[in-house]
Each structure stands twice: as structure tokens, then as C-alpha cells.
Amino acid sequence: MIAPPPSGPVPYARDFAHRLLTDMLRIRRMEEKSAELYGAGKIRGFLHLYIGEEAVAVGALHALQAEDNLVTTYREHGHALVRGMSMDVILAEMYGKREGCSLGRGGSMHLFDKRTRLFGGNAIVAGGLPVAAGLALADKIQKTSRITACFFGDGAVAEGAFHESMNLAALWQLPVLFCCENNLYAMGTALENSESQTDLCAKAASYRMPTIKVDGMDVVAVHEATRQAQARVRAGEGPLFIEYQTYRFRAHSMFDAELYRSKAEVEEWKTRGPVHTFTARLKQEGKLSEEEFLALDAQVNTEVAAAVAFAEAGTWEPVEHMLADVYTPAGSQP
Amino acid sequence: MTRINELPVMEEMNLVTAVTHTLRQEMQRDPSVRVMGYDIGPIGGVFRATEGLFDEFGPDRVMDTPLSENGLLGVAVGMAMRGERPVIEMQFLGFMYNAWGQFIYNLANLHQKTGGAMKVPLTIRATFGGGIKPLPFHSESTEAYLMHTPGVRVVCPSTPAQAKGLLAAAIRSDDPVVFLEHTKMYRAFREPVPMADYTLPLDKCRMVQEGDDLTLIAWGNMLHYSIAAAAETNASIEIIDMCSLAPLDVAPVLASVKKTGRCVIVHEARRTAGPGAEISALINEYALEWLKAPVKRVTAFDVFFPENQIEDAYLPSPQRIKAGIEAVLNYQF
């Protein structure tokens, strides 16, 4: 089914509406700064920015409960941030510093956090889907009320792991919310060039899984659709597939000349940018003043500056640690 | 370390009944232990290693799964991160190729990648080895692929009593462990196995017999062929069961080679970049000046598992092992 666009005014109290906007801004500003730091050689390797897709992480994750499990992708800085990992720790991990969530070993693509039940970003497309099914199976067996939200992009549907996970989750009626961020391009390949069936919901439906398609540029639409979806999964209806139709404004990674799409297409999508459209909507409805917006933005910029300082002040893991944590300490003689 | 033969109340078991017995005992001991795999429920598995467990523990503890090796390993990782101890039955080690992605990306890598924050306590039981003529992908010994993967423990028992101790330790370990079960050995012989629960260390090889003239290293079914071959020579041969393949327990090997000055490594894995190449390299690096002859490997050949008629020539035989031993004993620099 296609979720009807919520009509009427933003259905949230001022505080929550501001929370959604602030979190989108936090992702946006953190990533703008990350791109700058990448250019300065502070963040190395690869960097996959979420800019343009903020409404998905913010709208969806605010519909979950703190006890829920989260599995995500390599484009996951935003998910980690909204889920509650501190910006300090995220940036430190991206720098490769010991103060990061994984001592700097995972970097940008592998943010993990036990406290917020983030069971990983994953460098491998569709790599997290089977793990999400496993987390959910454990919860089903343990009879908890948790669900597992599993994020992945449209590129994942070409992988075998996607189909195995869809089947296992549907067969065993696992409490998994499959959150597909369809930004139309798997790296540099458009969906129609990689899929015989470009209707992603149809793929999920073939596993007898209910599906929802939603405008991923609208944080209200995302939040409302995800709220309903998670309630169904939590009620024991089995897995559900939700497709967020979204768009990344930046290149796939920092090494991408974007030969696969036109500038006009990007500009067209930018007119639907989640941050400025939601800001305008709140202002129009009298739920946000320009002063309030400037104050929010200033507060976010302060957070970003503090996070950069934290990462800069961080330390490198000593070379002597290179062989650490291959095995657990008592693993050989339990 | 547990002294198996000092434990009271023994029962005769073969390798497969020892595995079943150990799974049952571990499942009784720890409710988070769940066995999962294809046809392992009411059918009891292709080799009947889980026979009776479904009736005793029910479908939440003995879980039949689809043929989704990759998906299943990922599922096991997720369960392990949520406090379960899944024990996966991989019908044949050759089916692991399908699961290679999750095996590397998530299962093996997770603990190190997360700076030690996440643990993956799971066991993969995989049958392997030649000798029962099931042809490719049901016979191979690809333990070298596993040994090349950091973060995974790899053990291979050669007797029922050893299988019990190693499997119990594998299940209780907070690391992912691949437990290799040789199909030809499943019902090859029985021995007394203690009924009490016990574990054996996952990182220690086993001294089978002491000797002075030559060190003979093998594991799994090849250990039995090696014992037979050694008995046919007049030499005093020290035999080491390299049951702990990863991490490789190299110190006793070096100590032995420094004593005997000669070494033969036997495996049914392919020759090139096989486990023997690594063991030989370690001896050359750390015990070269004690050697009286080059280290010799008696192995399978660099081809995919061959057809029925030539399987026996592909696998090392007691005759081929004996010839290797004699060549090393007679070697003159």
C-alpha cells in the first residue's frame, strides 16, 4: 500500500516538531562538517553522506522505542546520531580515534553501540539483513516486545542476503521492520539498470510480507507511516517492509563524479529537501519563529564544533594493540 | 586439563553418538544453546547427529531452517549478540561457500571490529573429509580457508571422547568456533566416553605418542592413517594430533621437532597453501637448525575432489604416509 500523504497541519506539539527539525539539522551540519574534514585529510578512506535523506532516519527512528534493536548500512552516521550515540563519539570513530565507539577500528561505516542497541553499520550491501533476522529471532524466542529495525538501500535488493532474510523473516514471522531507503541509485547504477522488477515493494510482497511506500522527503509522512508499521510488527503480525522514497543530494562517496545523473535531476530533488521544507512548513503554521530557528541552528553548530574538538583531542590506538581482540580473553578454555 | 580416562562412568560411543550426547548435555546445561540447520529436527540431520533432540527439546531449541547457509550464519550472529548460543549444523563443509559473506563480514570480524564490545558465541558444526565417496562439495577438506580467517577458532577431533570435550568447549566459548566432524570417522570406531561433562582446551594440540626419530603431524581421519603407518615402521615416531587448527598450537610441534629433527605433516586438504605449508614454514622459521631432513608433506593434490575410482589415490593412504616417513628417515644432506 502507499501511505497517503498526511494532510493538514503538522500533527505534533511544538516541542516534538522542533525535536524532529533539530535532529535533521544535526545530521546535516555534522555531515557538512565531515565532508570538510574529509577534504582536510582528517577523515580518511571513504565517507558516505546522508545529506538529503535526513527525514528518513529522523522520522523513522523517533517512531521506535529505546529497547528496539537497530541494524543499518554504511551510510549510517545519521541513524547512529538520532538513535542517541553522541556526536563526539561518532566523529571520533570517523577520525579513527580510540575515543570512538569501536576504538576507531570500524570507522565511518561500522558504528556500533550496545547502549543504544545499534548492532552495526555494515560496509557490505545487504550485510546486515540476516543479522537483523537473527536479533529478531532471539527476541521472538525470548518473548520480548522488542522489534528490530533494519535499514538498507535499494542496492541491497540485488543481493542474495536480502532474499534469504526476507524469506526467513516471513517464514518465521519475525518482528523485523525492513526499512528500505530507496534513493534510486545503488552507487552509480540506477535502479532500472540493476533490477528486473523496480517496484521494491513487489519483491517484499512476494514473500507474503505487508508493504508500505512512503514519501521519504517528508519527515511527517515518514514518522506517521513508521509509527503505524512498528505497531503492527510489535503486535506480532510478522515482518513488514517499508520503502522510503528518498534521494541523496551528495555523491555516493567522496570519490564519485556523479556521471550517472543530471545536475537538473539533483536540483529538482533539492527543492524537496527535508530540512528546508519542514522548516518552512513549521514557520507557515506558526510553530517556529525565525529566532527559534536561528537558535536551534546555533545550538547544533555548537554541538558540531564541540564534537570536532573532541575528535581532534582524541588519541590513536597504539600499534601494540594491533593483535588485540581477535579472540575473547577466555575463549580457548571456557 | 581434564584427564578423560580418570572420569568415572564411561559409555561406549562413536563420533556421531558422542556429538549427539554432547549436544544434549550442553542443551540441558544451558537454555541459550539452540541447534539449527537443515533437516536437523524430526529427521535428526543427514548423518543423524541430532537424532532425538527435537523430541526432547522441541522446535524452539532444535530449529529446522531453510537451505540458506549465508542467511543462517547471519541469523546466528544476530542471535549470539542477543545472548543466545546457536550451534549451526553445516551439512557439508563444501556448503560453506554459500555462507562465506556472512562468515567473514559479520561472524569472524565482529569482535575485533567493535574493539571487543560485541561477542559472537556460536558454533558451526561442519562435516568434512573424504573416504565415503560422495564426490565434490561433500568431501573436501578446506580447513585452510577457515584458518586464514582471523577471529574464528577451528578444531577437529579424531576420537569420540576428544569430540565431546572440544564440542562442549566450542559451545561454551564466547568466540565463534568451527567444529569439524569427519564423515568417515562418524561410525568408524567406538571408545569409552565419560558421561560427566568436561571440556578440552580449544587451543592445544594433543600428544598421541612420544618418540625420538620423527615427528608425525595429522588430524581427523588422517591421524588414524598416520598411526597405522607409523606402526609399520621400525622407527620411534612421535605423533601429534593437531586438533587445534586455529589458532595453531605450534609450540609443542617446535619442541617435538627440536627433539626428533624430522617432521612429516599429513593432511587430506589440497597441497598448495594447505595447513601443512603453514606448519612447515613455522618449523623452518623457528627450528631449522635442528632439522636432519627437509619437512615433508603428504597431502591430497591440487585438484577438485576426484571421482570414485581415484579418490583413494587422491587421499593420503597409510602406504603413502609410510613412504613419506621412510623418505625423511633415509634422507641424507
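This is a predicted model: local features need pLDDT of at least 70, side-chain atom pairs count only at pLDDT 80 or more; totals for chains, interfaces and linings use all residues.
Local features were considered at pLDDT of at least 70 and side-chain atom pairs at pLDDT 80 or more, whereas totals for chains, interfaces and linings use all residues. Residues are numbered from 1 along each chain as its sequence is written, chains are lettered from A in the order in which they are written, and side-chain values use heavy atoms, without hydrogens and water.

In chain A, an open sheet of 5 strands has the order β1-β2-β3-β7-β6, with parallel pairing; strands are DSSP runs of E with at least two residues, and helices are runs of H or I with at least four, numbered from the N terminus. Pairing requires at least two DSSP bridges between two strands.

Strands β2 (residues 148–153) and β3 (residues 176–182) of chain A run parallel and are joined by 6 bridges. Within this pair, A149(A) has L177(A) of β3(A) as its bridge partner. Helix α5 (residues 129–142) of chain A packs on the sheet and touches β1, β2 and β3 of chain A, contact meaning heavy atoms within 4.5 Å.

In chain B, F137(B) is situated in the loop between β5 (123–128) and α6 (143–147). F137(B) counts as partly exposed because its relative accessibility is 39%, the class lying between buried (under 20%) and exposed (over 50%), with a 1.4 Å probe and protein chains only.

Notes: Axes are lines fitted to C-alpha atoms, for helices over the stretch in contact, and angles run from 0 to 180 degrees between N-to-C directions.
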